[in-house]
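Subject: Structure handover

Hi,

Here is the structure I promised to pass on. Please load it first, then read the notes below.

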2 protein chains.
Amino acid sequence: MRPFTKTIPFADALAMVMRTAKPVARQERVPIAEAGGRVAAADVRAAADVPPFARAAMDGYAVIAADTTGASSDSPRTLVCVGRVFAGQNATGSIGPGCCIEIATGAPMPPGADAVLIVEETSRDGDTIVVRGAVAAGQNIGRQGTDIAAGATVVRRDDVLTPGRIGALAAAGLTHVDVFARPSVAVVSTGDELVAPGRPLAAGQIYEVNRYTIAAVVTRHGATARALASSADDLDRLGASLDAVLTDDVIVFSGGSSVGDRDLVRTLLDERGTMLFHGIAVRPGKPTAFATVNGTPVFGMPGNPTSCLSNAYMLLVPFVRALAHLPPWRPTQVTLPLARRIASVADRHQFYTVKIENGRAQPAFKGSGDITSMADADGYIEIPIGTDALEEGTSVVVTCFE
Amino acid sequence: MRPFTKTIPFADALAMVMRTAKPVARQERVPIAEAGGRVAAADVRAAADVPPFARAAMDGYAVIAADTTGASSDSPRTLVCVGRVFAGQNATGSIGPGCCIEIATGAPMPPGADAVLIVEETSRDGDTIVVRGAVAAGQNIGRQGTDIAAGATVVRRDDVLTPGRIGALAAAGLTHVDVFARPSVAVVSTGDELVAPGRPLAAGQIYEVNRYTIAAVVTRHGATARALASSADDLDRLGASLDAVLTDDVIVFSGGSSVGDRDLVRTLLDERGTMLFHGIAVRPGKPTAFATVNGTPVFGMPGNPTSCLSNAYMLLVPFVRALAHLPPWRPTQVTLPLARRIASVADRHQFYTVKIENGRAQPAFKGSGDITSMADADGYIEIPIGTDALEEGTSVVVTCFE
């Protein structure tokens with residue numbers, strides 16, 4: 001065995017991981033209906049004005065504003081209605097002084113009119129419109145190009161395509177948009193003891209967990225996961241697994257990253273790549289390695305499912321979001337009193353899982369090997385190095401899982 | 001035209017919408033690898049203990065704890081190593097007093113051993129293990145069933161399937177999980193002026209926006225969107241569109257919900273359904289209708305794209321999340337000073353969009369008809385009824401879009 005001789009602080013590990021993150025350059029063109037949450041790969045400009053014509057912004061009457069000056073409930077004026085125009089129609093007629101045209105929101109402004117008087121300020125008797133309010137020139141009109149002027153930038157490179165931005169692309173008449181490709185994450189679980197769920201277990205065997213948790217995490221944060229069948233604790237076969245995934249944007253091994261003689265992922269990364277760190281002063285997740293092999297970043301996550309998933313949240317999520325051109329994750333945080341005392345390991349930064357119960361943070365961490373430490377938790381609190389214990393009632397910040 | 005005679009407060013509108021929300025009962029069985037973010041439709045129990053055997057929780061030596069009592073760096077003890085066991089192997093040998101077996105994390109505990117001494121507290125010379133620390137019985141062992149006991153509940157009905165819960169399902173050997181079906185949202189944009197993006201515009205025409213924004217919003221919140229081709233401003237054709245979507249869980253019309261003669265969605269809902277409200281004291285989004293038709297909830301959203309999208313965030317998101325069995329949305333909120341004064345309409349609750357620039361909330365709202373009011377914003381602030389203006393520098397809470 002090869003015990004850890006030193007570990008690095010978590011913040012240093014995260015900084016080294018982030019320095020290695022190269023946002024993907026590959027692009028793909030997708031229909032705007034499928035572009036929600038994707039990231040624009042280039043600035044998009046409008047080819048024409050939106051709207052392409054001046055239009056009514058309210059339901060009412062297209063008028064010459066000067067005809068309404070001084071009108072009020074006490075001192076109404078009258079206009080003659082000479083026609084009507086609905087949205088989707090062309091404005092054919094024009095109006096002169098003393099006249100108006102009934103107009104619907106979105107309909108093109110008739111020539112001659114310079115304002116829309118809202119219907120709520122009028123009453124009608126045949127073609128006679130009683131005007132009970134005044135409008136100023138330009139009022140209640142959407143001028144041509146006010147939403148988006150021809151040539152204006154509709155979305156910018158690196159903009160996340162929110163529903164509003166997808167709407168702006170549609171308004172500009174675009175059917176497709178160029179987005180950055182999702183980073184591809186290869187997931188390789190290692191361990192002779194691992195069996196795929198659904199198959200029978202022999203003595204000493206357990207079901208594979210990490211390929212599912214890692215895939216679920218990275219998929220949630222803009223990446224695609226490619227999970228390979230679990231790889232045995234054999235250096236040649238591990239090397240073949242590595243060769244098969246070197247074209248992915250990032251490789252995540254789980255298991256084999258610790259200090260035992262069969263912790264061969266560590267051996268493989270030592271032999272084939274440049275080890276950037278091995279061992280983090282964090283709990284759970286200490287036996288974590290990070291290396292590059294032919295320029296491809298490779299995480300060697302612990303095999304313990306809670307250690308693996310915790311480090312996936314803390315290190316892999318920021319990393320894949322950077323690759324995906326996504327802004328840093330802003331998880332929900334709530335401040336609550338701690339439901340009972342937690343004795344801590346003072347030499348490691350802890351990500352300690354908790355469940356929110358009755359407005360308090362109830363400790364939920366069982367062990368690094370117990371996936372229920374994560375599954376039965378609503379989030380985690382951080383306990384810095386040097387803290388022996390957190391007392392019951394201490395105010396803690398819970399970062400919620402999603 | 002039929003002017004609004006009254007509007008209801010936004011909070012009342014939201015409450016009426018939520019009272020109508022019936023969580024979907026339909027279920028479907030999905031592979032656990034595709035279940036991230038879905039909602040469990042039933043409690044799931046473990047068929048067997050996880051782990052199915054007692055195993056080492058650390059790398060080191062399986063020992064009889066009593067053999068290590070009093071051992072320290074100053075007063076080491078020695079044990080004889082009689083074998084080794086790796087993860088995935090069956091524990092064949094057993095140990096007696098004075099003996100130990102080298103053991104890897106995850107390997108089954110050999111008979112006779114009752115603790116694992118971590119490798120960091122030992123040194124080795126051939127088969128002689130120098131013990132520099134003591135362990136207690138049970139230490140560094142994962143007992144059979146400690147993660148999940150046979151018969152225990154792995155996930156509960158209505159649990160959102162986080163990565164941790166998917167991991168727990170995998171640990172229990174499950175390949176599939178029963179989840180609630182996603183609610184189906186039918187989206188029907190109405191208006192003679194609307195043209196699908198990519199096609200040429202004739203005079204008076206504009207591109208359709210709302211079907212894309214509504215679909216993007218509801219997809220982000222656990223629903224599926226089924227967007228129909230836009231429907232003309234013709235009562236018979238609108239009625240046919242309605243008939244075609246009455247089997248969906250919710251129907252969203254956009255356009256035709258205001259006070260004009262061609263606002264036929266309002267007419268359709270009056271004729272065919274039970275109108276629950278029409279007109280909300282909110283800006284943007286006042287001309288919004290909500291009805292049920294044969295028990296199916298129907299939103300009549302404004303045609304103005306910012307009004308429509310704003311109400312989709314404020315009313316439709318909570319509604320579809322309830323249908324999808326998802327917990328209320330907890331968007332990111334930040335408190336910032338307002339970059340410049342906003343004059344408000346005091347008679348309506350406002351959702352006023354802002355952009356975050358240089359640590360300040362910069363007003364971004366242009367007009368209800370301008371989708372850039374949303375596209376160029378990072379979020380919104382709320383301005384309650386009765387507020388004439390917010391002064392520059394006022395501290396405001398920005399709710400961020402995603």
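Two residues are in contact if their C-beta atoms, placed from the backbone, lie within 7 Å. Keep that cut-off in mind for the contacts below. Also note that this is a predicted model.

**One residue to start with**

B:Ser258 sits in the loop between β17 (250-254) and α5 (264-272) of chain B. Apart from neighbours within four places in sequence, B:Ser258 is in contact with B:Asp263, B:Pro287 and B:Pro302, and also with A:Asp59 and A:Thr105 of the other chain. B:Ser258 counts as buried because it has 29 C-beta neighbours inside 10 Å, and the threshold for buried is 20 or more. B:Leu336 is 78 residues from B:Ser258 in sequence, and 35 Å from it in space, C-alpha to C-alpha.

**How the chains pair**

Chain B superposes on chain A by a rotation of 180 degrees with 0.0 Å of shift along the axis, at an RMSD of 0.0 Å. That is the relation of a two-fold axis. Both copies use the same surface: 100% of the contact residues of chain B recur in chain A. B:Thr332 comes closest to the rotation axis among the residues of chain B, with its C-alpha at 3.4 Å.

The contact takes 77 residues from chain B and 77 residues from chain A. On the chain B side, α2 (163-171), β15 (206-207), α3 (210-220), α6 (305-323) and α7 (372-375) each supply at least two residues. Which of the elements gives the most? It is α2(B), with eight residues. By class, the side of chain B that touches chain A has 38 nonpolar, 27 polar and 12 charged residues.

**The α2 helix in chain A**

Now look at α2 in chain A, residues 163-171. It is mostly covered: nine of its nine residues are buried. Among them are A:Pro163, A:Arg165 and A:Leu169. Just after α2(A), A:Gly173 takes a positive phi of about 85 degrees.

**Domains**

Chain A divides into domain 1 (10-25 + 182-323), domain 2 (27-50 + 146-180), domain 3 (55-142) and domain 4 (333-400). The centres of domain 2 and domain 4 of chain A, taken over C-alpha atoms, are 42 Å apart.

**A helix pair in chain B**

Helix α4 (residues 235-245) of chain B packs on α5(B) at an angle of about 65 degrees, with the axes 10 Å apart. Their crossing is right-handed. From α4(B), the contact uses B:Leu235, B:Leu238, B:Gly239 and B:Leu242. From α5(B), it uses B:Leu264, B:Val265, B:Thr267, B:Leu268 and B:Arg272. These residues divide into six nonpolar, two polar and one charged.

**Backbone points to check**

Most residues other than glycine have a negative phi, and most peptide bonds are trans. Here are some exceptions.

- The peptide bond from A:Arg283 to A:Pro284 is cis, with omega near -5 degrees. A:Pro284 is in the loop between β19 (282-283) and β20 (289-293) of chain A.
- The bond from B:Val50 to B:Pro51 is also cis, with omega near -10 degrees. B:Pro51 is in the loop between β2 (44-45) and β3 (55-56) of chain B.
- A:Asn358 is not a glycine, yet has a positive phi of about 55 degrees. A:Asn358 is exposed, with 7 other C-beta atoms within 10 Å.
- B:Asn140 has a positive phi near 60 degrees. B:Asn140 counts as buried, with 22 C-beta neighbours inside 10 Å.

Best wishes

Conventions
Residues are numbered from 1 along each chain as its sequence is written. Chains are lettered from A and ligands numbered from 1 in the order in which they are written. This is a predicted model: local features need pLDDT of at least 70, side-chain atom pairs count only at pLDDT 80 or more; totals for chains, interfaces and linings use all residues. Copies are superposed by least squares on the C-alpha atoms of residues with pLDDT of at least 70 in both. Helices (H or I, at least four residues) and strands (E, at least two) are DSSP runs, numbered from the N terminus. Ala, Val, Leu, Ile, Met, Phe, Trp, Tyr, Cys and Pro count as nonpolar, Asp, Glu, Lys and Arg as charged, and the others, Gly among them, as polar. Domain bounds come from an automatic or database domain assignment. A residue is buried if 20 or more other C-beta atoms lie within 10 Å of its own, exposed if 12 or fewer, and partly exposed in between; C-beta atoms are placed from the backbone. Axes are lines fitted to C-alpha atoms, for helices over the stretch in contact, and angles run from 0 to 180 degrees between N-to-C directions. A crossing is left-handed if the near helix is turned anticlockwise from the far one by less than a right angle, and right-handed if clockwise.
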